[in-house]
Amino acid sequence: MEPGAGPVSAVLPAGGSGERLGGATPKQFCALQGRPLVSYAVRAMERINWISDIIVVVSPENIKTMKTIIEKYGHKRVMVVEGGITRHRSIFNGLKIFAEKEFSSHLLQKPEVVIIHDAVRPFVEEDILSKVVMAAKEHGAAGAIRPLVSTVIAPAADGCLDHSLERARYRASEMPQAFLFDTIYKAYQQCTDYDLDYGTECLHLALKYCKTNAKLVEGTADLWKVTYKRDLYAAESIIKDNLSQEVCVITDAKETVAQVGFLLSESLKSQIKVETVSVSESKNDSHLQNILSGQCCSFVCVNDKKWAIEETQQLVDMLEKSDVSLLYPVVLILVHLDISENNSFSIGVEELTSIKKFARETKKKNILVYGLLIQYK
């Protein structure tokens with residue numbers, strides 16, 4: 001469900017050093033299936049058309065790296081902001097881009113609601129984002145929660161058990177969180193240095209300084225945060241699973257072909273995630289380019305021409321440039337519609353030979369090509 005009127009923006013703190021992960025590379029820049037973790041989080045926001053601006057806050061030494069990622073993967077509506085030495089200082093810097101006079105040269109439109117989401121939580125879906133945004137519009141603040149997995153205990157000074165909490169009464173605070181912009185910005189303006197240096201919970205700031213009781217929204221199991229090295233392996237497994245369940249249907253702009261593509265998409269939606277692009281395959285379409293840059297690994301191309309190897313070769317070239325076929329086998333299904341008056345159930349031997357040769361060559365590139373000819377009047 002799409003939130004109502006009023007701009008919505010997102011701030012993604014990505015300035016962590018990744019000490020708990022180990023290694024020299026901060027976790028937000030570690031590669032999963034060849035793509036940095038932060039890019040998945042940005043893409044999750046970018047795919048939602050009602051999010052106006054995406055602010056990624058990174059440490060000063062990683063600004064160039066983040067800008068390179070944005071350019072390489074064609075991210076849109078994204079601005080990189082220099083972070084502070086702590087999480088809260090970084091988020092505050094991200095909010096300032098909407099309100100501080102010092103940013104007057106590139107000040108963005110102030111949103112009604114701002115989403116705060118960790119850049120190392122790559123699997124957030126539109127449904128939970130919409131729920132926290134709508135709850136924030138009503139209550140001033142909202143955040144996703146999950147049941148506690150372990151019981152929380154408090155040790156005494158001597159290292160022995162002091163007391164434990166009744167797990168059923170408590171919840172784990174997760175991301176995303178959403179706030180009326182004026183509420184969370186006012187809270188940060190009133191923060192003490194102690195809050196900014198040692199605090200972690202944004203919902204608490206809204207309560208402490210603006211008397212705003214956040215609405216808590218039950219989140220899904222995939223909102224977890226990549227913290228340790230084992231989490232990277234788990235995240236990569238989820239990405240592979242998601243890739244295998246997504247298909248992009250590419251159709252020619254012609255009415256008959258677009259109609260077949262639409263019907264195909266509708267029939268597939270109950271089983272897998274479907275993205276439909278109605279363009280000529282030969283055109284340099286930005287939407288198509290974004291999908292080819294790693295959003296999907298299965299494609300169905302529908303056209304009403306004969307076995308057009310030339311146009312299919314252009315699509316294969318685009319897939320090669322995206323490097324996605326180096327990471328995961330690409331399945332490319334070519335659906336050719338024969339709508340001529342004089343239907344013939346024969347394909348020329350020469351044409352068939354060229355198709356088979358083309359499929360053999362692309363298989364070497366980890367692109368599996370299949371063909372389907374549909375004849376009808």
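1. Salt bridges in the chain come to 10 by the distance rule applied here. The model under review is a predicted one, and the pairs discussed below are read from its side-chain positions. Side chains of opposite charge can pair when their charged atoms come close.

2. Because Arg121 sits in the loop between E6 and H4 while Glu174 is in strand E10 (residues 171–180), the pair ties together parts 53 residues apart in sequence. Arg121 is buried at 8% relative accessibility, and Glu174 is buried with a relative accessible area of 15%; the cut-off for buried is under 20%. These two residues also belong to a network of salt bridges that includes Arg87 and Asp118.

3. Helix H6 also supplies Asp195, whose partner Lys208 lies in helix H7 (residues 202–210); the pair therefore ties together parts 13 residues apart in sequence. The N to O distance is 3.1 Å. Asp195 is buried, with a relative accessible area of 9%, whereas Lys208 is partly exposed at 38% relative accessibility.

4. Turning to nonpolar packing, the largest core holds 38 residues, and Val38, Met45, Val56, Met66 and Ile115 have the most contacts inside it. Elements that each supply at least two of its residues include strand E1 (8–13), helix H1 (37–46), strand E4 (51–58) and helix H2 (63–72). Helix H4 gives the largest share, 6 residues.

5. Which residues does Met66 contact, leaving aside neighbours within four places in sequence? They are Phe29, Val38, Val42, Val56, Val58 and Val80. Apart from this core there is a second, separate one of 28 residues, with Val11, Val114, Leu196 and Cys202 among them.

6. For the chain as a whole, the secondary structure consists of 13 helices and 16 strands. Of its 377 residues, 47% count as buried. Among contacts with a separation of 6 or more, 76% involve residues 24 or more positions apart.

Definitions and conventions
Residues are numbered from 1 along each chain as its sequence is written. This is a predicted model: local features need pLDDT of at least 70, side-chain atom pairs count only at pLDDT 80 or more; totals for chains, interfaces and linings use all residues. Side-chain values use heavy atoms; hydrogens and water are left out. A nonpolar core is a set of buried Ala, Val, Leu, Ile, Met, Phe, Trp, Tyr and Cys residues joined through side-chain atoms within 4.5 Å. Buried means under 20% relative accessible area, exposed over 50%, partly exposed in between (1.4 Å probe, protein chains only). Helices (H or I, at least four residues) and strands (E, at least two) are DSSP runs, numbered from the N terminus. Contact means heavy atoms within 4.5 Å. A salt bridge is a side-chain nitrogen of Lys or Arg within 4 Å of a carboxyl oxygen of Asp or Glu.
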